[in-house]
Amino acid sequence: MFVIGYLGIKELDPKARLLLMKFLIFLLIESFFMSLSFTFFSLFAIDKIGFALTGVMMATMLLTQFVFDYPSGSLGDYIGQRWVLTFAYFCWALGFLLVSTAQDFTAFLIIAVFNGFGSALYSGALDSWLDTNYKKIDTVDTDRKIYGFARSRIDTVTRIAFAASFMTGGLLSTVYSRQTVFFLQFLLSLVMIITVLTQIKDISIETDMENIQITADKEKRRKSHYFAHLEGGIRFMFSSKAVFFFLLGMAFLTTTWTIWPALVLFPIYFGYTGDDLGANLLRTIIYLSSVPIGLYVAKISKRFSIEHYSKFLLVFFFLFFPAFIILLILVPIQNNFNLIGFIFTILIMNGFIGLIYRTAEILRMRLLVDLVRSENRTAVYSLLPTITSLLCTLLLPITGQLIDSFSLVAGVGVVFSVYSAGFLLITLGMHYMKTKKIVLVDSSTSSEHPDQSEVVN
């Protein structure tokens with residue numbers, strides 16, 4: 001079958017193959033349905049209320065996510081990721097419905113609350129569902145290289161769906177209006193709810209001994225109260241220096257990629273093109289041209305071990321943000337089409353994010369499958385966005401004010417600084433992993449509940 005060959009999963013158990021193929025199909029649908037207005041949502045807010053108030057709005061959204069993110073992640077471990085994902089899409093549906101008629105700052109604050117709550121519910125849930133089920137059923141991929149390759153290939157093909165969504169959204173926005181696209185996404189969010197309820201289900205294990213274990217685990221979860229799950233993620237976060245610094249560094253990197261599109265990247269797209277259609281065209285070209293790069297990245301990622309993760313982050317550190325700062329200084333944005341800015345934005349995005357950072361991301365995903373134990377996975381995956389939300393709540397208004405007072409270069413500088421902190425923390429965490437000889441192993445060769453102070457063989 002073509003899909004199995006494309007994902008490189010022929011060696012896996014049939015259930016593991018089915019799981020990854022289902023994940024691929026779900027992401028393709030989600031990527032197209034939920035990204036139609038992604039490029040111009042923040043631009044719409046900036047047009048209505050300005051950079052500074054847009055920063056406040058985004059901070060409100062992330063503050064809401066901060067309050068509910070970790071509790072909702074623990075809820076996912078308790079009642080299942082399927083249900084928290086359903087509630088997430090329902091909140092987003094309400095947000096899209098409201099933004100289709102929003103005109104003032106108060107309306108945008110209400111939208112921010114709905115979107116923040118939806119993001120809190122969503123964060124970590126889908127990845128947790130995949131990682132937990134994959135770890136449960138896989139007995140072949142002990143070093144997770146097949147998993148990393150497949151995830152990279154999935155990311156590559158979903159970029160085509162993203163690109164199609166950006167262009168469709170841009171065309172609809174130009175021909176009709178941005179509000180029309182927002183209302184369409186309200187309807188598509190309802191479709192996503194149905195998709196989650198019918199497709200995102202845990203995989204059962206057929207052997208007698210495994211069925212007995214699964215039944216016992218379910219009974220244990222049923223008897224344990226919700227706060228046991230709430231405590232488990234925090235306990236894991238502080239279980240060792242290696243885990244603490246590594247996860248905290250991941251939160252800083254996530255903060256980087258939250259501020260970056262919200263206040264910096266999309267204004268750059270608009271600034272070098274001049275309208276929604278041009279901005280979406282630029283973004284579509286970036287995504288489509290990254291597809292062959294993604295195929296190459298998936299292939300070469302197998303040559304690297306997870307110990308190379310921080311090295312890729314270091315190379316990216318020296319190249320990506322300085323390149324954008326130089327571009328913005330030499331080619332100032334004027335909200336008109338600029339061929340030089342257009343071309344160099346494509347080259348920087350694909351050369352550095354498409355090649356270097358995506359390779360690093362594959363190594364990170366491979367590492368997390370075995371670093372985090374399954375019974376607290378959603379809580380841990382949600383704890384990271386919780387920390388991110390707190391950081392963004394503090395930094396987004398500052399970034400928006402700096403851009404208003406100076407230029408987008410100041411915004412790039414803020415994001416560069418946050419990334420620097422994340423890189424240093426991750427490097428420190430991996431140093432402690434090496435110093436303490438922490439070995440990440442597959443669940444088939446280790447206990448499902450290792451000593452949290454040392455996730456060891």
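Is Arg364 buried or exposed? Arg364 is buried, because its relative accessible area is 16% and buried means under 20%, exposed over 50% and partly exposed in between, with a 1.4 Å probe and protein chains only. The model is predicted, so local features need pLDDT of at least 70 and side-chain atom pairs count only at pLDDT 80 or more, while totals for chains, interfaces and linings use all residues. Residues are numbered from 1 along each chain as its sequence is written, and side-chain values use heavy atoms, with hydrogens and water left out.

The protein chain has 16 helices and 0 strands. Both are DSSP runs numbered from the N terminus: helices are H or I with at least four residues, strands are E with at least two. Of the 457 residues in the chain, 57% are buried. Among contacts with a separation of 6 or more, 86% are between residues 24 or more positions apart, where contact means heavy atoms within 4.5 Å. The chain exposes about 18,900 Å², and carbon and sulfur atoms supply 68% of that area; accessible areas come from the Shrake-Rupley method with a 1.4 Å probe, and for residues only the protein chains shown count as cover.

Helix 5 covers residues 105–122. Its 18 residues should span 26 Å at 1.5 Å a residue, and its end C-alpha atoms are 25 Å apart, which agrees. The expected span is 1.5 Å times one less than the number of residues. Buried residues in helix 5 include Phe108, Ile111, Asn115 and Tyr122. After the helix comes Gly124, whose phi is positive, near 85 degrees.

The next topic is the charged pairs. The structure holds 5 salt bridges, each a side-chain nitrogen of Lys or Arg within 4 Å of a carboxyl oxygen of Asp or Glu. One of them joins the side chains of Asp127 and Arg151, at 3.4 Å from N to O. This pair links distant parts of the chain, since Asp127 is in helix 6 (residues 125–137) and Arg151 is in helix 7 (residues 145–175), 24 residues apart. Asp127 is partly exposed, with a relative accessible area of 34%, whereas Arg151 counts as buried at 11%.

Another salt bridge is formed by Arg358 and Asp155, whose closest N and O atoms are 2.9 Å apart. Arg358 lies in helix 14 and Asp155 in helix 7, so the pair ties together parts that are 203 residues apart in sequence. Arg358 counts as buried at 7% relative accessibility, while Asp155 is partly exposed at 30%.

Arg364, the residue of the opening question, meets Glu361 in a salt bridge of 2.9 Å, N to O. Both lie in helix 14, 3 residues apart, about one turn of the helix. Glu361 is partly exposed, with a relative accessible area of 22%. Elsewhere, salt bridges that share partners join Asp155, Arg159 and Arg358 into one network.

Helix 14 (residues 339–371) also holds Phe344, which is partly exposed at 42%.

A search of the whole structure finds 0 disulfides, a disulfide being a pair of cysteine sulfur atoms within 2.5 Å. Cys91 is buried at 7% relative accessible area, and Cys392 is buried at 0%.
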